[in-house]
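Me: I would like to go through this structure one feature at a time. Please give the general idea before each case.

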Amino acid sequence: MTKRILTYRQAVAEAMAGEMRRDPTIFLMGEDVGRHGGAFACSKGLVEEFGAERVRDTPICESVIAGAGLGAALTGMRPIVEIMYMDFMAMAMDSIVNQAAKVKYMFGGHAVVPLTIRTAFGAGRGNAAQHSQSLETWFTLIPGLIVVTPSIPYDAKGLLISAIRSNNTVIVIENKLLYGEQGEVPEEDYVVPIGKAAIRREGKDVTLIATSRMCKLGEEAIQVLTEDGIDVEFIDLRTLKPMDMETLAVSIAKTHRVVVVNEGHRTGGFSNEVSARIMDECFSDLDAPVIRVAAEDVPIPYNGKLDAEVIPAVKDIVAGVKQVMS
Amino acid sequence: MNKQMEPQYLIDRYRLMLVIRLHEEALKVLFKQGKIGGTTHLCIGQEAIAAGLIAQLRKDDYIVSTHRGHGHMLAKGGELRPMLAEILGKSTGYCKGKGGSMHIASLEVGNLGANGIVSGGLPIAVGSGLSAKMRGTDQITVVSFGDGASNEGNTHESMNLASLWKLPVVFLFENNRYAVSTEVKCSMAGCDMMKRAAGYDIPSRVVDGNDLEKIHFAGIEIIDFVRSGNGPYLLECDTYRIEGHYYGDAMIYREKEEVDEWRLKDPIGRVEKALLERGVLTEKECREIEAEVRKDVEDAVEYAENSPEPAIESIFEDIFTKEDA
C-alpha cells in the first residue's frame, strides 16, 4: 500500500476537522481562521464544513481570544484557539499564564480546562524581530501548562488530537517553516501521546536532542556526521513539558554525550532546561559537558543573511556534535 | 414613586446584605488576629449591588467576579462555611485552601472565579457567554469590574467581542470611585462608562449603587433583555468603597469627611429604613435578623477555625485534570 503523504499544515487541518466531526463541543476561534483559512492555511476548508459558528473569525484581540477560550472551556466546550504568531502571545499572557494555567489549582481542583492553544513560531522567513521568536520557555516555566512542539506531519496531527482530547490547557507550538513539509499521515484518527519523545535514529556515540524545526536540521547534520563516522542517536523531544526524561536517560546511559538543539535564545532558551535536567538526573552517565546549540542573544534581524546567522544552522549542530566528541 | 419590592423579597435581600456585611466585619477581626494570609479586599458599602443584581440570577447562570468578590459569591449562593474556611486557608474551603480570598470560585455555585488580576475576568465572561450561546442554553453571565478595570484593554476588547457576537453577558460596572488610591476622575478619561458602552453598541444605564431596589428593578429588565438573546448590557452602579483598597489601608488619599458622607448613604441602613417605614419589620425584628445572621457568621468562623489545614502533599495535587483513558 502506498503511504499517504500530507503537508504539516494539512495534518493540522485534518486533526481539527476530524475532532470537530467527532465532538460538537469542539470549535476553533482566532484571527482569520474562517474564510481566509488561517494565516498559515491550517484551517483551510473548515468554515465551509462546520460553518462560522464553529470556525469563528475573531477581531484582533489576543487576550480575549485566549481568555474566552478559557471561559468556554470551563463551561462545557472544548475550544481550540489560534494565536496567529507566537510573538502575539505577549498580548494574551494574562489570560494564559495568570488565568488558564492557574484556575484548576486556584479553584482547589474542581475546574476542568480542556483548552487547546495553537500558535506558530520560528525565524528564517525574514519576518524580523516581532514575528520570529521562539518563546516556548514563557510557557514551560508556568505550572499548569502542557507544551508540545510537533516536528513532522505525523506528529502535527497526532499531538494536536491529543491536545484537543486533553482535559488540560495545552499549548501547541507549530513551526512556520515546517507547514509546507511533507510526510506520512494516516487517514484514520490516532494520537501521539503527550509526554513521549521519539527516537528518530538509534546510535551509540552521541545523543542529539532537538525540538521542532531543529529536528529537520538535525537530520541534515546527521548525514554529514555519519559520513565522518559518528553514530548519532537522535531524539525528537516532541513534548517540552512534561519532558520525557526516561527516554533521554536511557539514551544518555548508552552514549554518554549529549547535544541539545533548540531555536530559542542561548540565555533562557529551552535548551537550558534540557541541559539542566540532564545534569540533575544523568550526570554520572556523562563523559563530557552537555553542548547547547541555541540562537544568539539578539533580536531576530530582518535581513535573511543576518537571520540565518542568529538561529542554529546545520553547521552549528555538526560543530556541536564534533565538540562533544572531541 | 419608586417601585417597591415585595415585602418578603425585601426582607430576604436585607438578610443577604447583612450576611455580606457581617462576613466582611468578621474578616477584619480575623485579619487583625493574623489568621488571614496576604491581603483581603472588603466590599463594605457595596452590598446592594450583589444583593440587587446577582441574587436574582439562576443557579445555572454564571458570575465572573473580582478581588473584591465575597459579596458576589454570597449573593450567588455561596455558603459562609466554605467561604470563611477558604479565606483562612483551610482544606474545607471552596478551593481547599489553595485560592484564598482573591480566588474563591465554585462551578457548582456558578462562580467562575474571583480574580486577582484587575480585568482578568472579563475575557472569561466572554467565553462563558459564548459557551452558553453555542450550547443553546439561556444561561447568562454577569461579570463585575470596577473603575480601575475600566481602563484596561481587556475590558474594551471584551465589550467589543461580546457585542459583536451578541453574547448573553451583563457588564456590571461597580464604580466605587477608587482604584487603590487613584480616584476615578484621575484615571478615567471622560468618567462616563455609558459613553464607552455606546461606543461598542452596548445599551447601558446608571443606577445608584447603594439603592437595593433601584438595582433590583433595573436588574429584572436587564436580565430579561440579556437572557432573551439581545446581546450584552452594561449596568453602572455608582457606589463607594467604605473600607480601604485592602483591609488595613491607611487611606491617606481621601478625606475622612468624604467617607463619613458616604456612610450616611449606607445601603443596608437604607433598606432597613424602608422596612421600618413600610411597616414590614419592626426595629426589634431587624435586630433579631441581625442577631441570627451574626450567629451564622460566628458559626462559620468557628467551623473555619476548627477545620484542618490542607495536607502538605496536596501541593502537588490539582494542577492537571486526569486524562480520559
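Reply: Start with burial: a residue is buried if 20 or more other C-beta atoms lie within 10 Å of its own, exposed if 12 or fewer, and partly exposed in between, with C-beta atoms placed from the backbone. Helices (H or I, at least four residues) and strands (E, at least two) are DSSP runs, numbered from the N terminus. This is a predicted model, in which local features need pLDDT of at least 70, side-chain atom pairs count only at pLDDT 80 or more, and totals for chains, interfaces and linings use all residues. Residues are numbered from 1 along each chain as its sequence is written, while chains are lettered from A and ligands numbered from 1 in the order in which they are written.

Me: How many residues of strand E14 (residues 291-295) of chain A are buried?
Reply: Five of the five are buried, so E14(A) is largely enclosed by the rest of the structure.

Me: How do I read strand pairing, and which way do E13 and E14 of chain A run?
Reply: Strands of a sheet pair through backbone hydrogen bonds, either parallel or antiparallel. Two strands count as paired if DSSP finds at least two bridges between them. Strand E13 (residues 258-265) of chain A is joined to E14(A) by four bridges, and the two run parallel. Within this pair, His265(A) stands opposite Ala295(A) of E14(A).

Me: Through which helix does the chain cross from E13(A) to E14(A)?
Reply: A crossover is right-handed if, with the strands pointing away from the viewer, the path from the first strand over the helix to the second runs clockwise. Here the path goes through helix H10 (residues 270-282) of chain A, and this β-α-β crossover is right-handed.

Me: In what order do the strands of the open sheet in chain A come?
Reply: The order is E9-E11-E10-E13-E14 for the five strands, with mixed pairing. Strand E9 (198-201) and E14 of chain A are at the edges with a single partner strand each, so each has one side without a neighbour in the sheet. Angles need a convention: axes are lines fitted to C-alpha atoms, for helices over the stretch in contact, and angles run from 0 to 180 degrees between N-to-C directions. On average, neighbouring strands of this sheet are turned by 25 degrees against each other, direction ignored.

Me: What is the sense of the pairing between E9(A) and E11(A)?
Reply: E9(A) pairs with strand E11 (residues 232-236) of chain A in the antiparallel sense, over three bridges. Arg201(A) has Phe234(A) of E11(A) opposite.

Me: Which strands of chain A does helix H9 (residues 245-255) lie across?
Reply: Contact means that the C-beta atoms of two residues, placed from the backbone, lie within 7 Å. H9(A) lies across E9, strand E10 (206-210), E11 and E13 of chain A, at about 170 degrees to E11(A).

Me: Where are the domains of chain A?
Reply: Domain bounds come from an automatic or database domain assignment. Chain A is divided into domain 1 (5-184) and domain 2 (198-325), and their centres, taken over C-alpha atoms, are 26 Å apart. Between them, 25 residues of domain 1 are in contact with 26 residues of domain 2. On the domain 1 side, E6(A) gives the largest share, three residues.

Me: How many residues of chain B are in contact with chain A?
Reply: The count is 37 residues of chain B against 37 of chain A. On the chain B side, the elements giving two or more residues are helix H5 (122-135) and helix H6 (153-164). H5(B) gives the most, with 10 residues.

Me: What is the pairing in the open sheet of chain B?
Reply: Its five strands, in the order E1-E2-E3-E7-E6, have parallel pairing. Strand E2 (residues 141-146) and strand E3 (residues 169-175) of chain B are joined by six bridges, and Thr141(B) has Val169(B) as its bridge partner in E3(B).

Me: Is Gly52(B) buried or exposed?
Reply: Gly52(B) is buried, with 31 other C-beta atoms within 10 Å. Gly52(B) lies in helix H2 (residues 47-52) of chain B and touches Leu212(B), Ile215(B), His216(B) and Gly219(B), not counting residues up to four places away in sequence.
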